[in-house]
Amino acid sequence: MTQERWRQVSEWPMVAAAVLFLVAYSFQVIANLSEAQSTVVDTIIWVTWLVFALDYAMCLVLARRRAQWFVRNLHELLILALPVLRPLRLLRLVTLLKLLHRTAGNAMRGRILTFVLGSAALLTYCGALAVLDAEENAAGANITNFGDAIWWAMVTITTVGYGDHYPVTVVGRCVAGGLMVCGIAVLGVVTASVASWLVEQVSSGAAAAATVAEEPMK
């Protein structure tokens, strides 16, 4: 068993675990369940955490250069070890983005746009969940329901930032910072893809016009 082989074997189970975690976490945050009400949901979240931990352990054991792999994946260890970073477990949904990218088609531009738009939608939803989890029970918070959270996430990832809703907790502000950086990256890729398409269309039109102009001279 190699690390590459393990990733191939575990891909679909990890996708299932990521989706299950997203559903359970969404229900817990949006419904704002108390500790007594969230026993079943907490059980599902802990089971998926164990799946993530097993995947991390196997990747570490099977890595050719364990020390190098360990240093490059410290963020995964922190996410697993620190309960306060629980919203960051949503980063495990990158497995869904990899699957989306691979099945988006053959055209490179189509693959990029599908991947980027899928990433933007997933980031917006996960950002809304993460900030709502941090803010909904905080003193002085103004993001207290999912509607406010999704609106805040949309204006943040698009770098509009109306300021009508904003995080007041440290965790919420960290989520905001990450979402803004991701939004700039997503918008940059979309803009570059559209610009590339326009340049290609103009170049094709110019080449066709030049060919037509040269035909009578032959």
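From the N terminus on, the elements of the protein follow the order α-α-α-α-α-α-α-α. This predicted model therefore holds eight helices and zero strands. Of its 218 residues, 33% count as buried. Among contacts with a separation of 6 or more, residues 24 or more positions apart account for 63%.

- Helix α2 covers residues 39–62, which amounts to 24 residues.
- At 1.5 Å a residue, α2 should span 34 Å, and the 35 Å between its end C-alpha atoms agrees with that expectation.
- The buried residues of α2 are V41, I45, T48, W49, F52, D55, Y56, C59 and L62.
- An α-helix has 3.6 residues a turn, so residues three or four places apart point the same way.

**Packing of α2 with α1**

- The axes of α1 and α2 come within 9 Å, and they cross at roughly 155°.
- Because an angle over 145 degrees counts as roughly antiparallel, α1 and α2 are roughly antiparallel to each other.
- The crossing of α1 and α2 is left-handed.
- In the contact of α1 with α2, the residues divide by class into 17 nonpolar, four polar and three charged.

**Packing of α2 with α4**

- Helices α2 and α4 pack at an angle of about 150°, and their axes are 11 Å apart.
- That angle makes α2 roughly antiparallel to α4.
- The crossing of α2 and α4 is left-handed.
- On the α2 side, W49, F52, A53 and Y56 take part, and they meet E76, L77 and L80 of α4.
- The contact of α2 with α4 comprises six nonpolar residues, no polar residues and one charged residue.
- W49, F52 and Y56 belong to the buried residues of α2, and these three residues also meet α4.

**N32, in the loop between α1 and α2**

- N32 lies in the loop that joins α1 to α2.
- Although N32 is not a glycine, its phi is positive, at about 50°.
- The relative accessible area of N32 is 34%, so this residue is partly exposed.

**Y25, in helix α1**

- Y25 is found in helix α1, the helix whose axis comes within 9 Å of that of α2.
- With a relative accessible area of 0%, Y25 falls under the 20% limit and is therefore buried.
- Y25 and C126 are 101 residues apart along the chain, and their C-alpha atoms are separated by 10.0 Å.

**G177, in helix α8**

- G177 has its place in helix α8, which covers residues 170–214.
- The relative accessible area of G177 is 26%, so this residue is partly exposed.

Key
Residues numbered from 1 in each chain as written. Predicted model: local features only at pLDDT ≥ 70, side-chain atom pairs only at ≥ 80, totals over all residues. Heavy atoms only, no water. Helix = DSSP H or I, 4+ residues; strand = E, 2+ residues; numbered from the N terminus. Expected span 1.5 Å × (residues − 1). Buried < 20%, exposed > 50% of the residue type's maximum accessible area, 1.4 Å probe, protein only. Axes fitted to C-alpha atoms, helices over the stretch in contact; angles between N-to-C directions. Parallel < 35°, antiparallel > 145°, perpendicular 65-115°, else oblique. Left-handed = near helix turned anticlockwise from the far one by under 90°. Nonpolar A, V, L, I, M, F, W, Y, C, P; charged D, E, K, R; others polar. Contact = heavy atoms within 4.5 Å.
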